[in-house]
Amino acid sequence: MAKPIEMIAWFDFKGLIHPIRFRLIDEDGKYKTISIKSIQARKKEKLAGNLMQVFLCRGVVNEKEVLFELKYEKDTDQWTLFKM
Amino acid sequence: MEKIVFHVDVNSAYLSWNAVWDLQHGKSLDLRTVPSIVGGDPESRHGIVLAKSVPSKKYGIKTGETLFSALMKCPDLKIVPPRYSMYLKASDAMVEIMREYSPLIERYSIDECFLDMSHVKKKDAVRVATELKDRIHEELGFTVNVGISTGKLLAKMASDFKKPNLVHTLYREEIEKKMWPLPVEDMFMVGPRTAEKLHKMNINTIGELARTNPQFLHARFKKHGYMISCYARGIESSTVKNEGTIEMKGMGNSTTLPFDFTDRISCHNVMLSIGETLVPRLRDSRKLVKTVGIHIRYSDFSSFSIQRTLNFPSDSTSLLMATVCALFDEIWNGEPVRHLGISFSQLKEKDIEQLSLFKDGQTEKMKRMDQVIDMVRKNFGDDSLIRATFINSPVKAFSGGVVEKD
């Protein structure tokens, strides 16, 4: 799906990134905020030399718990909601 | 001890890199699986094919042909513009992995490298090469071919055998079996022109070239004849040179005219408009140019080029364009012109400059004017400041190939 999102994240002493909450613009053109409950897995990828961090997260959407994948691109500092 | 050399060659480099980038950014279509090419501008359909996918080969699409003719062969062809900064990133990442395998790496081009692997035993070479190839695939998402031999030439020939994602060896004892049956145009340094001449001499395979008397080849091709004769027998002794960065060897730009031009001033204006995109690019990369060349293609598709070496390297738009126009006047035969191009070679570092005693007083003034023009255009857009000659002219103030857009 690859939807651009706005992110609040926390970077710890060691440089580890903890995404906290993000928002996106839904079909009606309204902001929708989603909080991240936990991070299940994280990995770095370097496809074609482009560094990205992938986070597998758990959160609540429409009162249902869901898994989604977020991506952070190092060179552009942009976040994307990759899969949900 | 005999050397071991690897040649690593990225399969359809530009196209694979574009494809991997797209996938990483969430596109579902893998460009490598459909007829697709990298090159030009998909909107205006202007430009040439820089790289092609494997499925587009079935349509007979060739690297270097125009987008128009490629679209004639395959109307559904997917066209993506080139993104050089991304290619450089991919290439750097690949070299970073290779550094774990060898201290001696020669970056032959953006997508080809030679590795001196003499610390590896011959019996382990294929295993190590396969590991390297698989790691690049796994970590960076694109495939490469690795050629293994005892020298650069044979390693390069080997990586070209069968694609994609394969490791091949071509040791001395395998030349006869693996290289000699190949058509002579597959030989390194045998271009289409040489191949055509060789065919006329009834030399059709690399084996036939190897068995031809070198003196006979020398009579026809001079020094080049000795060289290809040696190459066909696998004789070549250059070593892998440690080169960390890819030097820019030259830059150029060209444009096909909307209709055939027949007057000198319009052609000069076109040259100038190509220069207006090309020379700022030169200044931006902090280089000076020593050799200026131009290229004219007439409406009957015959083409001519000429180049001239300047007394001192320069990056001044006015000075370089004066040379370009002088070169044009020298070779233009008055026929209708279809296509014009400028090329710069022998690029020099701007930081090291040979000061000339014979520079005219204008030089410093023009340099400062170029700086101001570059700055105005950067801040207020390219169209904010154009040459007066382009007012009410059919020629656009800027022309030539694709500029990277993000």
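Start at the hairpin of S1(A) and S2(A) in this predicted model.

S1(A) covers residues 3–11 and S2(A) covers residues 17–25. They run antiparallel, joined by 6 bridges. Pick Trp10(A): its bridge partner in S2(A) is His18(A).

Move on along chain A to S3(A), residues 31–45. S2(A) pairs with S3(A) too, again in the antiparallel sense, over 5 bridges. Select Leu24(A) and find Lys32(A), its bridge partner in S3(A). This hairpin also has 5 residues between its strands. Which residue here takes a positive phi near 80°? Gly29(A) does.

Switch to chain B and the largest nonpolar core, with 64 residues. Select Phe6(B), Trp17(B), Leu115(B), Ile148(B) and Leu209(B), the members that touch the most others. Then colour helix H1 of chain B, residues 13–24: it gives the core its largest share, 7 residues. Colour by domain next. Domain 1 (1–172) and domain 2 (180–232) of chain B each supply at least three residues.

Zoom in on Phe6(B). Leaving out residues up to four places away in sequence, Phe6(B) touches Leu115(B), Met117(B), Ala129(B), Val146(B), Ile148(B) and Ala155(B).

Last stop: another core, apart from the largest one, with 25 residues. Select Cys267(B), Ile294(B), Leu320(B) and Leu340(B), which are among them. In soluble globular proteins, nonpolar side chains tend to be buried together.

Note on methods:
Residues are numbered from 1 along each chain as its sequence is written. Chains are lettered from A and ligands numbered from 1 in the order in which they are written. This is a predicted model: local features need pLDDT of at least 70, side-chain atom pairs count only at pLDDT 80 or more; totals for chains, interfaces and linings use all residues. A nonpolar core is a set of buried Ala, Val, Leu, Ile, Met, Phe, Trp, Tyr and Cys residues joined through C-beta atoms within 7 Å. A residue is buried if 20 or more other C-beta atoms lie within 10 Å of its own, exposed if 12 or fewer, and partly exposed in between; C-beta atoms are placed from the backbone. Helices (H or I, at least four residues) and strands (E, at least two) are DSSP runs, numbered from the N terminus. Domain bounds come from an automatic or database domain assignment. Two residues are in contact if their C-beta atoms, placed from the backbone, lie within 7 Å. Two strands pair if DSSP finds at least two bridges between them.
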